[in-house]
Amino acid sequence: MPSFHFGIIIDVKTWGETYAKLNEQSLELVTQATFLKDKPGEHLSFFIKDPNDYMLEFKSFKEPKDMFNK
């Protein structure tokens, strides 16, 4: 998983649609995973490089209220 990256948080429907669109274009998605499974802060996440080689993270929390909890 990339250590330095830019990220956006989106709802799970948009996350799935975005993942599917990028995957259909045969772009290299770095990872698709569930983090903190069955714990507060559980979220889906995938990474992709932008044209300038910056890593972008697309993340969706299972419970939106957990978004900023540590």
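A polar contact is a pair of N or O atoms within 3.5 Å; within protein, one atom must be able to donate a hydrogen and the other to accept it. The model used here is a predicted one.

**Exercise 1.** Determine which backbone atom of Asp 38 lies 2.8 Å from a polar atom of the side chain of Glu 42, and decide whether Glu 42 is buried or exposed.

*Solution.* 
Step 1. Locate the residues: Glu 42 is in the loop between strand E2 (29-35) and E3, and Asp 38 is found in the loop between E2 and E3.
Step 2. The atom of Asp 38 is its backbone nitrogen, 2.8 Å from a polar atom of the Glu 42 side chain.
Step 3. Buried means under 20% relative accessible area. Glu 42 has 9% relative accessibility and therefore counts as buried.
Step 4. Among the residues that Glu 42 touches are Phe 35, Leu 36 and Phe 61.

**Exercise 2.** Examine the phi angles of Asp 38 and Asp 53.

*Solution.* 
Step 1. Recall that most residues other than glycine have a negative phi.
Step 2. Asp 38, which is not a glycine, has a positive phi of about 60°. Phi of Asp 53 is also positive, near 70°.
Step 3. Asp 53 is placed in the loop between E3 and E4.
Step 4. Exposed means over 50% relative accessible area. Asp 38, with 61%, is therefore exposed, and Asp 53, with 55%, is exposed.

Methods:
Residues are numbered from 1 along each chain as its sequence is written. This is a predicted model: local features need pLDDT of at least 70, side-chain atom pairs count only at pLDDT 80 or more; totals for chains, interfaces and linings use all residues. Side-chain values use heavy atoms; hydrogens and water are left out. Helices (H or I, at least four residues) and strands (E, at least two) are DSSP runs, numbered from the N terminus. Buried means under 20% relative accessible area, exposed over 50%, partly exposed in between (1.4 Å probe, protein chains only). Contact means heavy atoms within 4.5 Å. Lists of a residue's contacts leave out its neighbours within four places in sequence.
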